[in-house]
Amino acid sequence: MLRYLARRILQIFPVVLLAVMMNFLLINLAPGDPAVVMAGEHAPVEYIAELRKSYGLDAPVLERLGTYLVKLMHGDLGYSFAYRRPVLELLLERAQATMLLVLISQFFSILLGTWLGAYAARHHNRIADKLISYGTILLYCMPIFWIGMMLIMIFAVKLQWLPSSGMTSFMSFGRPRWIDIAIHMILPATCLFLHTLPIYAKLARASVLEVAREDFITTARAIGFSERVVYMRHALRNALLPTVTVAGLSLSALLTGALLVETVFAWPGLGRLMFEAVSARDYPVLMGGFLFATLLVIIGNFIVDVIYTYLDPRVIYS
Amino acid sequence: MRSLARETPLILGLALLAFMVAVALLAPALYPSNPLFSNAPPMQPPDWAYPLGTDHTGRDVAAMLAWGTRVSLLFAFGAAGISLVCGTVLGAISGYFGGLVDDVLSRLFEMFNIVPRLFLIILVVAVFGSYLWLTVAIVGLTMWPSNARIMRAQVLTLKSRGYAQAAIVSGAGPFTVLFSHVVPNGIGPVMANSMLQMAYAVLTEAGLAFLGLSDPNIASWGQVLYWGQGFIASAPWMIIFPGLAIAMLLMSFHLIGGTLQERLDPRQQGAMA
């Protein structure tokens, strides 16, 4: 087990290196001065000159790559002039809001999606199944930021029940801070929830249908368990493994979703930061954000793998 | 003989796609002037003259969406096409030759799969500029790993079949065997996956435009949504219609792709695309 974990951790490096190489390639292939790309368009001339010196931008390619890697390993992701702060600091701060949004929406998405899928499988090819199936496809076909704008249109503009943007109110009206945040989170979290719900519903339906053909289900029926118990307790439990896998694999899609949702709702997370960096042509933030997102996905995959070893005792790691 | 009712998803999907293609082809005839010229009163709600309303600068939303259909279809077919070619070739080579080539390529598929695509695309487009064809190429080049993985698995099972072995014995070179015997027989699942990739490409275009990374001289669905986000309260038609257009096109890809997948894997039955 320990050796497996160690090997898994070692496998992280090539992917990180790939992302770093892409960044490096971009800096050097970009039209114009690489120093400007590294500094962002808001940087003063002196800083660009200094950057050129400290990264040895006049040196040969391999030497530059070396300097770049060393700087990265020291956690130096550059400096954002749009925010006047180091990029790493900015990313770490914004990641918290993203995490909050992603974790809460995924919790409900996995729970409800799996239940919906299992329910559809239990009523295979009947009306409930068709409704759930077509409903999930329909959701799947709507751009996430469009769902977000529709939610704003209905709940913030028409009904005026919920705030449409930000994480906290300017005036808190005496509410505790966490309630204020929770109220602001309802719409963006719902949006992200609706975005990933179809994935889990579809998956649970397929895997429950798959399991439903196996002998132990027939046995459970023969014993006389009710259909509900057969499906929800026996079939679903065995169908959960693919859900864990997909939860890990779809992390990068999830971050993409979060990026767009945060943009719509001005949720101050990583995605919103990327959006602001796009409009400010703040390249260090964009590059740092890409690296950071890659790292998040890798770590997430790693955690899922570890969970998997506990969930499925049949899996032997050598 | 399958009953017509069972074919409903496929027929519906093809009909939707045909409608979209027709709109794309007819756009210059229907709206001959540049859709980005303002020649209507601004902020008109939908009526007979402007069935989908007009935007804040007096542009006809219907005209912009009709022209935008071309952009979306370009992304769908262009990006998915690039991904199809790259994925098929690399996956086939990886599966057929095995050994070190396979090890290296498989690793590459895995790594590319982990990298968060949209973050990378945003970075590239922000640095290089939002040129239409560049964006199509980048989207296509970030999508191929899943095609490659499918193709690799197909080749692994197909290369030991009789007809492939017969071709090898009769003296055909490895690339001839691979690309004229093995790949054509295994392309099915890759095509099904390509339908889903087309949907993804359309979504990516819309997402990029929504982030302000679309060519400002081209009317696209995402672009209209981007312009409309400031007018959610005052001009909801600027948001509702482009979103519906995207959902319709995506629906057609999912319906067609779902049917394809089902035919290729008869174990999987039912309505879920």
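Tutor: We will go from the chains to their helices, then to the interfaces and the core. The model is predicted, so local features are reported at pLDDT of at least 70 and side-chain atom pairs at pLDDT 80 or more, while totals for chains, interfaces and linings use all residues. Residues are numbered from 1 along each chain as its sequence is written, with chains lettered from A and ligands numbered from 1 in the order in which they are written.

Student: What is the secondary structure of chain B, and how is an element defined?

Tutor: Helices are DSSP runs of H or I with at least four residues, strands are runs of E with at least two, and both are numbered from the N terminus. By that rule chain B has 10 helices and zero strands, whereas chain A has 13 helices and two strands. The C-alpha trace of chain B spans about 75 × 50 × 30 Å along its principal axes, and that of chain A about 80 × 55 × 35 Å.

Student: How much of each chain counts as buried?

Tutor: A residue is called buried if 20 or more other C-beta atoms lie within 10 Å of its own, exposed if 12 or fewer do, and partly exposed in between, with C-beta atoms placed from the backbone. On that count 51% of the 273 residues of chain B are buried, and in chain A the figure is 41% of 318 residues.

Student: Which spans does UniProt list as "transmembrane region" in chain B, and what does the model show over them?

Tutor: Such positions are given in the numbering used here with shortened feature names, and an annotation may be inferred rather than shown by experiment. For chain B the unreviewed UniProt entry lists residues 12-31, 73-97, 118-143, 163-183 and 234-257. Residues 73-97 of chain B are 100% helix and 0% strand, with end C-alpha atoms 35 Å apart; residues 118-143 of chain B are 88% helix and 0% strand, and there the end C-alpha atoms lie 11 Å apart. For chain A the unreviewed entry includes residues 97-119 and 177-197 among its listed spans.

Student: How does one compare the length of a helix with expectation?

Tutor: The expected span is 1.5 Å times one less than the number of residues. Helix H10(B) has 28 residues and reaches 40 Å from its first C-alpha to its last, close to the 40 Å expected, and 22 of its 28 residues are buried. For H11(A), residues 251-265, the 15 residues should span 21 Å, which agrees with end C-alpha atoms 21 Å apart. Because 14 of its 15 residues are buried, H11(A) is largely enclosed by the rest of the structure. Ala266(A), which follows H11(A), has a positive phi, near 50°.

Student: Which elements of chain B touch chain A?

Tutor: Two residues are in contact if their C-beta atoms, placed from the backbone, lie within 7 Å. By this criterion 39 residues of chain B are in contact with 50 residues of chain A. On the chain B side, helices H3 (99-114), H4 (117-128), H8 (188-210) and H10 (237-264) give two or more residues each, and H4(B) gives the most, with 10.

Student: How are the domains of chain A arranged?

Tutor: Domain bounds come from an automatic or database domain assignment, which here gives domain 1 (2-73) and domain 2 (95-311) of chain A. Their centres, taken over C-alpha atoms, are separated by 33 Å, and 13 residues of domain 1 are in contact with 13 residues of domain 2. H1(A) gives the most to the domain 1 side, with seven residues.

Student: Which residues touch the most other members of the largest nonpolar core?

Tutor: A nonpolar core is a set of buried Ala, Val, Leu, Ile, Met, Phe, Trp, Tyr and Cys residues joined through C-beta atoms within 7 Å. In the largest one, of 172 residues, they are Met274(A), Leu286(A), Ile122(B), Leu123(B) and Val202(B). Helix H2 (residues 61-97) of chain B supplies the largest share of this core, 19 residues. Leaving aside neighbours within four places in sequence, Leu123(B) is in contact with Leu26(A), Leu286(A), Met287(A) and Phe290(A).
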